[in-house]
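The sequence and structure are shown first.

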Amino acid sequence: MAEEVPSQRYYTPSEVALHNHLDDLWVSYLGKVYNLTKLSLQNRGDPLMKPILEAAGTDVSHWFNPKTKDIKTQVDPVTGCIVYCTPQGRFLHVPPNRPSTSWANDFGRPWWKDERYSIGTLSKKTRNIKVINTLTSTDQIIEVCTEETMKEILNRYLRYNAHADSYTWKYECVNLSMDSTLTENGIRDDDMDFYNLRINDDIFLQAIHLYFNDDLTVC
């Protein structure tokens, strides 16, 4: 069983990709991230889970009509009826194209319309930043969401330094506003320049420096 998901507003595609198993299943679609682990476990062994399991950890926005936020539809060439379009195979909560006595629609709201599975927003753009701890002379490159505030980035960095709250965060010797994003703090995203100039971004990343306040917040 997957561990409880921490409270977080934004997720990177690489974070979603880590959850790609029957007992730990996430997908993203139409800009949101969904934890379908409970759905997967409740329907273990159901053949209609196969397309969802095969897509675990990926973005399945192409399954959906962005205007209706429902599964894409098509006209059935035999009946002329509008039916769901599932070239990847019919999946859980999608009705069959023909009447069937085996079909039961007593599940309530289909999973793709059930906001209980939504855990956050998929970042529209991620970037790498280098965090340098001036006390220990160590640095760490972390992937962050461009929409995140510095406080949220600090929370990502806690896995590397549990005392991160006891540091002053600076860029070019200026204190950062922890309620603002990297861009709002004047830390430009150079990804496109790195790409166009074929520069190794690991070497020339924008760097944030941490200065110890001598006031441990975690014992």
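## Strand pairing around strand 9

The model is predicted. In it, strand 9, spanning residues 118–122, pairs with strand 1 (residues 10–11) in the parallel sense, over 2 bridges. Tyr-10 has Thr-121 of strand 9 as its bridge partner.

Strand 9 also pairs with strand 4, which covers residues 32–35; here the sense is antiparallel and the pairing runs over 3 bridges. Within strand 9, Gly-120 is the bridge partner of Val-33.

## Overall composition

The secondary structure of the chain consists of 5 helices and 14 strands. The chain has 219 residues, of which 38% count as buried. Its accessible surface amounts to about 13100 Å², with 51% of that area belonging to carbon and sulfur atoms.

Among contacts with a separation of 6 or more, 57% are between residues 24 or more positions apart.

## Nonpolar cores

The largest nonpolar core holds 22 residues, and the members that touch the most others are Leu-36, Ile-52, Trp-111 and Trp-112. Strand 3 (residues 24–29) supplies the largest share of this core, with 3 residues. Apart from this core lies another, of 17 residues, including Val-144, Tyr-157, Trp-169 and Leu-182.

## Surroundings of Trp-111

Which residues does Trp-111 touch, not counting those up to four places away in sequence? They are Tyr-29, Leu-36, Leu-39, Ile-52, Trp-63, Phe-64, Phe-91, Leu-92, His-93 and Tyr-117. Leu-36 and Ile-52 in this list are, like Trp-111, among the residues that touch the most other members of the largest nonpolar core.

Conventions:
Residues numbered from 1 in each chain as written. Predicted model: local features only at pLDDT ≥ 70, side-chain atom pairs only at ≥ 80, totals over all residues. Heavy atoms only, no water. Pairing = 2+ DSSP bridges. Helix = DSSP H or I, 4+ residues; strand = E, 2+ residues; numbered from the N terminus. Buried < 20%, exposed > 50% of the residue type's maximum accessible area, 1.4 Å probe, protein only. Contact = heavy atoms within 4.5 Å. Areas by Shrake-Rupley, 256 points an atom, 1.4 Å probe, with all protein chains shown as cover. Core = buried A, V, L, I, M, F, W, Y, C linked by side-chain atoms within 4.5 Å.
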